[in-house]
Amino acid sequence: MLEPFLVRALVAAVGVGLVAAPLGCLVVWRRMSYFGATIAHGGLLGVALGLALEIDLTLGVVVIALVIGGLLVGLGRQRIVPADSLLGILSHAALAGGIVAASRLAGQRLDLMGYLFGDVLAVSGSDLAWLGIGGAIVLGVIAALWRTLVAVAVHEELAQAEGLHVARAEAALVVLLALTVAIAMKIVGVLLIVAFLVMPAAAARPFASTPEAMVVIAAAIGAVGAAVGLWLSMSADVPGGPAIVLVLSAASLGAIAWSARKRGG
Amino acid sequence: MKEPHKKTGPGPSELGGHAHEHASHDHGHHHDHCGHQHIPRPAGPTVRVAPRTGEVLISGRGLTMTRGGRSIVDHVDIDIAAGEIVTLIGPNGAGKTSLVRILLGLEVPDAGTLTRSAGLAVGYVPQRFERDAAIPMTVQRFLTLGARVSRDRLQRCLDEVGAGGIVDRQLAQLSGGELQRVVLARALVREPKLLVLDEPARGVDHLGEADLYALIGRLRDERGLGVLLVSHDLHVVMAQSDRVLCINRHVCCHGVPETVAQHPEYVRLFGDAARAFGIYQHHHDHAHGLGGEPLPPGGASGGDTPHA
């Protein structure tokens, strides 16, 4: 019989894998992985904010992630500094700011490594509740906006000309990323969240013929990869989040290599 | 920035008269206008009478857009009615695509009014459709992005554009010509009344181009569509259009193709390519400044009277 902490770890890791799959596909299609990483880096700052203001930490993370997302969208309109440089600035500013704020404000109360790389084996019942509620919201919003999100990813101008709300889709993606960071941070850590988004989607791409098939395959890869990684972590006594990410990266690199070889003849 | 030429020609209200001409089916009496002067249509047997057209689908008056202090679209009047093919021609940077984007509602003009007939469905074929191999996409799924339709209906639309056999293929594996037809089919599944195509023949070989324009003409006939076409291919424009709007930020001249082809402004803009149609020599009725804005007649060019 599995230990309760292990059951919670398994549910959390598999849950993050499932919730991240559709958003991860959108992040891959829209080339937003660095955008997602920047928002994720804001998570630590959000935790520090939460501790300083004595509000719920998850709420602090959501607020900071939304602020960073808004800054990215707002500053992205200027043309003097390219978008990827802007991401480089904000991403590292958020990370450095988070570490400084955490050490100044929170002192001993904060497990820095746990927030950076996650601690899947220390997941609590309330973390799982957050994952359940937040995950349901993320999946629900994506399902409701799915046609618009896909159409905008395929061709923004055409989607707009067909009367779809491009701005709404953009805003939804920022909010969804912020929510996902908030619910997944305790489990996988701010530095590894983007791996959960991008890797299963990339691994699924060669085997999918429609956007929806890619999401289903990515969800399966994410869930199985999380379980395998957790098993690896237990049996080899290595950290859980990084072990899962290693398994997922092996899956995605393997799929990419397989597809490249097939195409090469 | 106020354009200096405004005082030399008729204002937007006078230009508005053209809508009238067009809506009243008065095809025996074409006027065109170049810049700011009406000239009589040339006499001769080559003048083609445009087919009778239906209700006006979309109508722009005085459409003006300025970006970064530069005038991009300058007091343009345009109407498109059901059953006619209207072609926008003009040099690069003349604001053709900007005008199309205004008509589609993708850009908001700084001035002018845009009227659409109630519940107008528009099918749009953008200038460049770049496929993204990162997104797995069958032709069938791609068509249902534009509208929720049954497989039967999208198969009919694919048959209509001559791409019936590729419904299950991946978008990334289509040839340029096949892709162009699929994008056209996506516009058609929406059952549009107005079809807008921005340089649809780009990236299609010459034979494919002739086929494509023949197809557009057929769609107009069979579905009674109004078609707005942006093109730089003058041969095709002259063969396929009912009306031509030659723009260089402002409307330089408009009318049936033969009228426009003989217009001095058109000849100036297109030079040798225009002469290839066997158009007679013309005097230019107004000169353009460095910014492309017409200068008052009687200035640099000596104010020759236009050919009639």
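Two residues are in contact if their C-beta atoms, placed from the backbone, lie within 7 Å. The exercises below treat a predicted model, in which local features need pLDDT of at least 70 and side-chain atom pairs count only at pLDDT 80 or more, while totals for chains, interfaces and linings use all residues. Residues are numbered from 1 along each chain as its sequence is written, and chains are lettered from A and ligands numbered from 1 in the order in which they are written.

**Exercise 1. Describe the domains of chain B and the contact between them.**

Step 1. Domain 1 of chain B comprises 1-120 + 193-308, and domain 2 comprises 128-191; such bounds come from an automatic or database domain assignment.

Step 2. The contact joins 8 residues of domain 1 of chain B to 7 residues of domain 2 of chain B.

Step 3. On the domain 1 side, helix H7 (residues 206-223) of chain B provides the largest share, 3 residues. Helices (H or I, at least four residues) and strands (E, at least two) are DSSP runs, numbered from the N terminus.

Step 4. By class, this side of domain 1 has 5 nonpolar, 2 polar and 1 charged. Here Ala, Val, Leu, Ile, Met, Phe, Trp, Tyr, Cys and Pro count as nonpolar, Asp, Glu, Lys and Arg as charged, and the others, Gly among them, as polar.

**Exercise 2. Determine the strand order of the open sheet S4-S3-S6 of chain B and identify what lies across it.**

Step 1. The 3 strands follow the order S4-S3-S6 with antiparallel pairing; two strands pair if DSSP finds at least two bridges between them.

Step 2. Strands S4 (70-81) and S6 (111-116) of chain B are at the edges with a single partner strand each, so one side of each has no neighbour in the sheet.

Step 3. From one strand to the next, the twist averages 15 degrees. Axes are lines fitted to C-alpha atoms, for helices over the stretch in contact, and angles run from 0 to 180 degrees between N-to-C directions.

Step 4. Strand S3 (residues 56-67) of chain B is joined to S6(B) over 5 bridges, and B:Arg61 has B:Thr113 of S6(B) opposite.

Step 5. Helix H3 (residues 96-104) of chain B lies across S3, S4 and S6 of chain B, at about 125 degrees to S3(B).

**Exercise 3. Find the buried face of helix H5 of chain B and its packing partners.**

Step 1. Helix H5 (residues 151-160) of chain B has B:Leu154, B:Cys157 and B:Leu158 as its buried residues.

Step 2. Viewed down the axis of H5(B), these residues fall within an arc of 100 degrees, so they line one face of the helix; the arc is that of the directions from the helix axis to the C-beta atoms.

Step 3. An α-helix has 3.6 residues a turn, so residues three or four places apart point the same way.

Step 4. The buried residues of H5(B) pack against H4 and helix H6 (176-189) of chain B.

Step 5. After H5(B) comes B:Gly162, with a positive phi near 75 degrees.

**Exercise 4. Characterise the contact of chain B with chain A.**

Step 1. Chain B contributes 17 residues and chain A 20 residues.

Step 2. S7 and helix H4 (139-146) of chain B each supply at least two residues of the chain B side, and H4(B) gives the most, with 3 residues.

Step 3. The chain B side divides into 11 nonpolar, 3 polar and 3 charged residues.

How values were computed
Buried ≥ 20, exposed ≤ 12 C-beta atoms within 10 Å, placed from the backbone.
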